[in-house]
Number of protein chains: 2
Amino acid sequence: MNDTIKSIATIMKDLDGILLFPHTNMDGDALGSCSALCLALRSLGKKAYVMINEPVPKNLDFLECGCTTFDDSVLDDVQLSLMIDCNGMNRITGREKAWARGRLKGCFDHHATKAKEIRYDFARIEPKSAAVGEIVYNVIRALGVEISLDIANCIFTAITTDTGNFQHSNTTSRSHEIAGHLYKIEGFNSKVISALIYDRRSKEALKMESEVISNLDFYADGKLAVGKVTQKLLKENGCTLDEADGIIQKMMSIDGVEGACLFKETETNVRASLRGRTYANMAAAAARFGGGGHVLAAGCTFFMPLEEAEKTLIPVLIDTVNAQGTK
Amino acid sequence: MNDTIKSIATIMKDLDGILLFPHTNMDGDALGSCSALCLALRSLGKKAYVMINEPVPKNLDFLECGCTTFDDSVLDDVQLSLMIDCNGMNRITGREKAWARGRLKGCFDHHATKAKEIRYDFARIEPKSAAVGEIVYNVIRALGVEISLDIANCIFTAITTDTGNFQHSNTTSRSHEIAGHLYKIEGFNSKVISALIYDRRSKEALKMESEVISNLDFYADGKLAVGKVTQKLLKENGCTLDEADGIIQKMMSIDGVEGACLFKETETNVRASLRGRTYANMAAAAARFGGGGHVLAAGCTFFMPLEEAEKTLIPVLIDTVNAQGTK
C-alpha cells in the first residue's frame, strides 16, 4: 500500500487545509515530524495545524513552533487529515471528530503493524526507517521546500530521539545522511537542541530516579534487574510517573543484566515495563498477563497491590532470562 | 603545519614498523583511532602496534583487536612513531623511550593547542574534526584500504564517544557522513558497539552514582550544582574513581544548572571537575587554583581536606555562575 514520495508530494501540493495527527503520548518523532511538515506546508502558503488533545511534554515544547492546536474547528475546510508516526484510530483517541473532518486521509508511519479500519487515500509506511522524521524529510524535499532552521531542529529531534541518539539498531546510513544534511543549515547546532531535549530535568526527578536505582533488586544471578516506582516515592519527590521514563534504560546499562522490569504504581493499577537485551522474550512474558509489545521491549498491567504484582510477575521473568536462546 | 591526507598516505605507504601512541588516560577516540589505523596498516602487510603503558578501560576492551602492546621493543626497526589524539610528550608519559625509537615522527590530532617540543615529519591537526577517528578514516581511505568490520567498529567508537553520541556541538556534517558510510559495512551494528561501550556498568558503580546524585548541593538559586565522590563512598561500594566519570554530565542535565562541580577525593588530594553550560567561565575559575581546561569544561586539584576545598572553591563558583555573559 506504499505510495511513492513523489506521488504523495504531487497530491499534497494541490491540497489546502491540512490537519496533522501525532500519536497519543506524543514523542520527539511524532511531534517533530508533524511540526516539520506543518512548517513546510505553511511555507507553501497552506493552512496547516498539528492537532493535539494533550499538553506537549515539557522537554519537547520547542517543537511546537506555533503549529499545535487543541481546537478541532481551527480550519473551516479540512482537505486532508494525516496520521504521523501511527496508523490506527486507537492511536489518536479523543481526536476522532477532527480526524473525520479530512476529506482525504493520509498516513506516514514506520510501525509495521497496520490498522485495517482506515482506508487511506495515500500512505507511506516504512518499517526500516528509524524515524518518521526521515519520511517527512523526504516529503518536504519532494514538496520543493527549503529546510529552514526550525524544520531542521524538528527533524533532528525526530531522528535523534527515535534512534536513541544514533545508538539503537534501527539507525541506518540514511539516518546519518539526513542528520548530516541538517548541519549544513545556517545556525543549526545539535548541542542546543540536545540540551533542550535532555538537559532540563528537575532535581526532584533525578533524585527519584537515583532512589529507584539505589534500591534495585537482582535475581537469576544478576540477569534480571527489578525496580519500583511507588506512589510514595513519587509523592515524596513531587514527581509524576512520566518522569520515571528513563530509569529502565539505566537498568539495562548494568553489566550482566539480560532483562529488566520496572514496576510503576499508579493510583489504580501497577504497570510493568519490561526490557530484554539479546534473547529474553519479554513480549511473551507480558502476554501471559494480557500485555504485549516487542520481543525486547514490552509491558503489562496488574490490577492488584504492588507486592502481589511482584510475586506474580518476577518468577515468570526469572524463567524468561534463564531461557537463553529461545526467542 | 598541516600536511595533506594524500601526502601523508604517500609517506606511510613506504614505511614499515609503525608504533601508534594514544594519549594517557586513553579514551574511545584515542584507542579507536589507533586500532583502526593499526588494522589498516596490517592489512597492507606492515608491522604495526598500538603502544600503551596502562590497561585498556574495560568498556573499550573490544577496541584492542590484537593491536596493543606494552613492550617497547616489540619491533626491531621502528620507521615511524605516530601520536594519535595528542601532540605533546606530556600526553605519552612513560612511553618516551618507545616514541624515540621512531625514525620519523608523525601526528594526527584535533586539539588546537600545539606542543612545540617535537618536530614532526608530518602532522595533520584538525581542530574542527569532532574526533581524530574522522582524520584516520580519511587516511585509511587514502591508503586504499577497504574498511573492515573491525575498523568500522573502531571508527564508530571514536566518533560516537567524542561527539557525545552525536549531540555535542563539535559534531559536524562530516561526522554523520562517515558514520553513515560505516553502516554500509557488512555486519555493522551500532547497537552492538554501543552496548559494549555503555551497557557494561557495574551495579556498584550505578549505586555509587545514584548516591552522589541523591546528595547534591545547590547554590546560587540552583544555578550551581555540587557533588562529592568521597573515599568512603568509593570504599563502601567497592568502586574506583574512574567509575565516577559520568556523574558530572548527569548534574548538567538538571534544569537551571549553569555550572557543576564534582569533587573527587583521592588518597592524597581532592580533584574538582568543573562544567559550564553556556556562559560560566570554568577555565578562569580553575585557573585561580592552578588548574585549567576549556571555558565550559575545566578542573583543578586541592591538597587539603575535602571540606576545606569546598569552602575554598564554592564561593568562586557561585560568582562564576552569577556572572552572566562575562565569558
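This is a predicted model: local features need pLDDT of at least 70, side-chain atom pairs count only at pLDDT 80 or more; totals for chains, interfaces and linings use all residues.

Reply: Start with contact: two residues are in contact if their C-beta atoms, placed from the backbone, lie within 7 Å. Residues are numbered from 1 along each chain as its sequence is written, while chains are lettered from A and ligands numbered from 1 in the order in which they are written.

Me: How do you know that the copies meet through the same surface?

Reply: Compare the two interface sides. 100% of the interface residues of chain A are also interface residues in chain B, so the surface is the same. In numbers, 36 residues of chain A are in contact with 36 residues of chain B. Elements giving two or more residues to chain A's side are α6 (173-182), α7 (190-198), α8 (203-214) and α10 (247-252). The top contributor is α8(A), with 7 residues.

Me: What makes an element a helix here?

Reply: Helices are DSSP runs of H or I with at least four residues; strands are runs of E with at least two. Both are numbered from the N terminus.

Me: What classes of residue make up the side of chain A that touches chain B?

Reply: That side divides into 9 nonpolar, 16 polar and 11 charged residues. Nonpolar covers Ala, Val, Leu, Ile, Met, Phe, Trp, Tyr, Cys and Pro; charged covers Asp, Glu, Lys and Arg; the others, Gly among them, are polar.

Me: Why are the two copies said to be related as by a two-fold rotation axis?

Reply: Chain A can be laid on chain B with an RMSD of 0.0 Å. The move is a turn of 180 degrees with a shift of 0.0 Å along the axis. The copies are thus related as by a two-fold rotation axis. The superposition is by least squares on the C-alpha atoms of residues with pLDDT of at least 70 in both.

Me: What scores does the model have, and what is the average pLDDT of chain A?

Reply: The model scores ipTM 0.89 and pTM 0.91. Chain A averages a pLDDT of 95, and 99% of the residues score at least 70.

Me: How do α8(A) and α8(B) cross?

Reply: Their axes come within 8 Å and cross at roughly 145 degrees. Axes are lines fitted to C-alpha atoms, for helices over the stretch in contact, and angles run from 0 to 180 degrees between N-to-C directions.

Me: Why is C34(B) called buried?

Reply: A residue is buried if 20 or more other C-beta atoms lie within 10 Å of its own, exposed if 12 or fewer, and partly exposed in between; C-beta atoms are placed from the backbone. C34(B) has 35 within 10 Å, so C34(B) is buried. C34(B) is found in helix α2 (residues 28-43) of chain B. Leaving aside neighbours within four places in sequence, C34(B) is in contact with L20(B), P22(B), V50(B) and I84(B).

Me: What makes A36(B) buried?

Reply: A36(B) has 33 C-beta neighbours inside 10 Å, so A36(B) counts as buried. A36(B) also lies in helix α2 of chain B. A36(B) and I155(B) are 119 residues apart in sequence, yet 6.4 Å apart in space, C-alpha to C-alpha. Outside four places in sequence, the contacts of A36(B) include G133(B), V136(B) and I140(B).

Me: How many residues of α4(B) are buried?

Reply: Helix α4 (residues 132-142) of chain B has 9 of its 11 residues buried, and is mostly covered. Among them are G133(B), V136(B) and I140(B).

Me: Is E126(B) buried or partly exposed?

Reply: E126(B) has 19 C-beta neighbours inside 10 Å, so E126(B) counts as partly exposed. E126(B) sits in the loop between β6 (122-125) and α4 of chain B. Beyond four places in sequence, E126(B) is in contact with H110(B) and I135(B).

Me: What is phi at N165(A)?

Reply: Phi of N165(A) is near 55 degrees, a positive value in a residue other than glycine. Most residues other than glycine have a negative phi. N165(A) is found in the loop between α5 (149-162) and α6 of chain A. With 21 C-beta neighbours inside 10 Å, N165(A) counts as buried.

Technical notes
pLDDT is the predictor's confidence in each residue, from 0 to 100.
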